[in-house]
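Hi,

Here's the structure I promised to pass on. Have a look at it first, then read on for what turned up.

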Amino acid sequence: MLTFFVMSATICVGAEFNDVFEKALNRSPNLLAKQEKILASRQALKSQSAYKNPVISIGANDLPLNGNFLKRDLEPMQTQFVGITQEFETFGKLELKEAIARADTLVLEYELEDMKIELYKKTALLVEQISTSTMLIELLEQKKSNLEILGGYYENSISIEDGLKTSVELQKKIFALEDKILELQDKVTSLKNEFKYLTSEDFTSIQKAAISEEFFQEDIKKSPKYKIFEIKTKQLELQTTLEERKKYSNVNLNVSYNNRENFDDYLSFSASFALPIYGTEEIKVKEVSHLRAENVQKEDNYLRNATMIFQNNYKKAEYLNKRVENLDAILEKYKELTLYEKSNIKNSITLEKSIENENLLLDLKIEKLKYKLDIKTAHLELFYITKESL
């Protein structure tokens, strides 16, 4: 299997993000419900490792139907009795039931871990998206301000006809920027609402989660999501064995104490078991075997899809990192433009060129921010499908 390396992604977070995430873990209704379910499942294990409750029998066998119902004849076979019946599991069925129940608990525990990792990914991504969108708004506001300065200059320095035409063209660009700014502001509001839904608290200034670990494709098999499929497959193997063992009936043992008036008391013993003559157990074996084969196919499908996601996100991150490097080189070439101050501009040609260069620089910064967000999104997806636990 191929191994891919990307920027490292350990949970190396700032204190603020870590605090927010810990609170989210403790407040999430879904996580709390899953934890309660795990506790209940652990308690249920006790019932799977114990025999069924015994059955107590109390009765009499000398109540006549053809005379006085309460009249009792003193005959040796007329008795009142008390008995106890206990069912005993045979051929290790009890141990198999316990192992199946333990697998249920283990699946729930891995589901909880998967939910935690997914919550980490979603929370970290929301912080990234909010931060990036906020910075994009700032850059667009700068572009808008530059165009407004240029528009004011044109109105005072060129003819009315040319000034009107140029003003209209500039205003169209400003409107377009305002539309993008409003769109981003709405997006930030939506992202903050989603953040509050996930963490149960309002968004404040939060340090980003630092992604700084190597990812390996083979670690997909260590992820909770994949482990769940493996455990369910093993569980269905145990269930198949259990259904096969059910061909051999359990044994019910009965002991009764019998009391006879004017005669000696005595004990009676009996054993009973079902006769598996109708083949229903074999049908159940086939059903469970089919479910196991189906789960194995789901496991293979998940591994195939997760591998494709891993490779696609790795390639995407690699490609975008190269694009960022190229942008950095271009930004370096234009860094001298940031030294210009608008107040030092003394003619329209210099002003036009200065604003053009400055907005070009802002466009490059905008592209870089978008690339960086896409890279972090890819890294968080790789983190989710390969992380074993938090």
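To start with a quick one: which strand does Y257 lie in? Y257 belongs to strand β5. Keep in mind throughout that this is a predicted model. With a relative accessible area of 38%, Y257 counts as partly exposed, because that value falls between the 20% and 50% cut-offs.

As for where they come from, β2 (55-60), β3 (80-88), β5 (251-259) and β6 (266-272) each give two or more residues to the patch.

Next, N250, which sits in the loop between α5 (224-245) and β5. Its relative accessibility is 16%, so N250 counts as buried. The side chain of N250 makes a polar contact of 3.2 Å with the side chain of E89. A polar atom of the N250 side chain also lies 3.4 Å from the backbone nitrogen of T90.

Then there's helix α2, residues 29-48. From first C-alpha to last, its 20 residues reach 29 Å, close to the 28 Å expected at 1.5 Å a residue. Buried in α2 are L31, K34, I38, S41 and L45. Viewed down the helix axis, the buried residues of α2 fall within an arc of 70°, so they line one face. On the face turned away from that buried side, α2 carries the exposed residues P29, E36, Q43 and K46.

Cheers

Terms used
Residues are numbered from 1 along each chain as its sequence is written. This is a predicted model: local features need pLDDT of at least 70, side-chain atom pairs count only at pLDDT 80 or more; totals for chains, interfaces and linings use all residues. Side-chain values use heavy atoms; hydrogens and water are left out. Helices (H or I, at least four residues) and strands (E, at least two) are DSSP runs, numbered from the N terminus. The expected span of a helix is 1.5 Å times one less than its number of residues. Buried means under 20% relative accessible area, exposed over 50%, partly exposed in between (1.4 Å probe, protein chains only). The arc is that of the directions from the helix axis to the C-beta atoms. A polar contact is a pair of N or O atoms within 3.5 Å; within protein, one must be able to donate a hydrogen and the other to accept it, and residues adjacent in sequence count only if both atoms are side-chain atoms.
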